[in-house]
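Here is a short briefing on one protein structure. Look at the sequence and the model before reading the points below.

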Amino acid sequence: MALWMGCYHSIGDAGVFPNTGMVNLRSQIDWNLWTRVGHGEDIIKKCGEEALKKGVHNFGVEFYGECYFGDSPDYSQGKVQTSDGCDQHCKWDVGGPDTMVVYNLAWIDRLKTQ
C-alpha cells in the first residue's frame with residue numbers, strides 16, 4: 001500500500017506534479033462502493049501500480065481518479081488545512097477539484113534491499 005503524504009492545493013496549471021503523463025481512471029470508479037466503504041482504495045492502488053510501471057516513487061490522485069506522477073513533488077501550492085475543509089476537498093483519500101492527495105512508494109525499494 002502507498003504511504004499517505006498529505007492533501008495539497010493544485011490550482012490551475014500549478015500542481016504538485018506536472019500534467020504530463022497523467023492517467024485518468026475516473027471511468028473506472030465504483031461510486032456505490034466508495035459510499036459504502038468510505039475510501040477510494042481501488043483507484044489509489046491502480047494509481048500506485050501505474051507509478052511503479054513508470055518507475056517513480058510518488059504519485060498523486062486528484063479529482064477522484066486522475067493520477068499524476070513524479071519523484072520531486074512541488075509543494076509550493078501548500079497543504080490543504082483542516083480549516084480549508086480538508087475532509088471535503090480530499091474525500092475518500094483521492095482528492096477532489098483543485099486538490100490532490102499525494103502518496104509515496106519509496107518503502108518498496110527498502111523492502112527489496114532487506
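Two strands pair if DSSP finds at least two bridges between them. Helices (H or I, at least four residues) and strands (E, at least two) are DSSP runs, numbered from the N terminus. The model is predicted: local features need pLDDT of at least 70, side-chain atom pairs count only at pLDDT 80 or more, and totals for chains, interfaces and linings use all residues. Residues are numbered from 1 along each chain as its sequence is written, and side-chain values use heavy atoms, with hydrogens and water left out.

**Strand β3 and its neighbours**

- V61 stands opposite V101 in strand β5, and in β4 the bridge partner of V61 is C67.
- Strand β5 covers residues 99–104 and runs antiparallel to β3, with 5 bridges joining them.
- Strand β4 (residues 66–70) is also antiparallel to β3, and 5 bridges join these two.
- β3 and β4 form a hairpin with 3 residues between them. In the turn, F63 has a positive phi of about 55°.
- Buried means under 20% relative accessible area, exposed means over 50%, and partly exposed lies in between (1.4 Å probe, protein chains only).
- Strand β3 (residues 58–62) is largely enclosed by the rest of the structure, because 5 of its 5 residues are buried.
- Both faces of β3 are covered, with N58, G60 and E62 buried on one side and F59 and V61 buried on the other.

**Aromatic residues**

- Rings of Phe, Tyr and Trp (its six-membered ring) pair if their centres lie within 6.5 Å; planes under 30 degrees apart count as stacked, over 60 as edge-to-face and the rest as tilted.
- The whole structure contains 8 aromatic pairs. The pair of W31 and W34 is edge-to-face, because the ring centres are 5.3 Å apart and the planes are at 65°.
- W31 and W34 are separated by about one helical turn, because they are 3 residues apart in helix α1 (residues 31–37).
- W31 is partly exposed at 38% relative accessible area, whereas W34 is buried at 0%.
- One aromatic cluster is formed by W31, W34, F63, Y64 and W92.

**A surface patch**

- Like charges are joined within 9 Å, and nonpolar side chains (Val, Leu, Ile, Met, Phe, Trp, Tyr) within 5 Å.
- L3, M5 and Y75 form a nonpolar patch on the surface, with about 250 Å² of accessible area together (Shrake-Rupley method, 1.4 Å probe; for residues, only the protein chains shown count as cover).
- M5 lies in strand β1 (residues 3–9) and counts as partly exposed because its relative accessibility is 31%.

Conventions
Patch = residues over 30% accessible without salt bridge, like charges linked within 9 Å, V, L, I, M, F, W, Y side chains within 5 Å. Salt bridge = Lys/Arg side-chain N within 4 Å of Asp/Glu carboxyl O.
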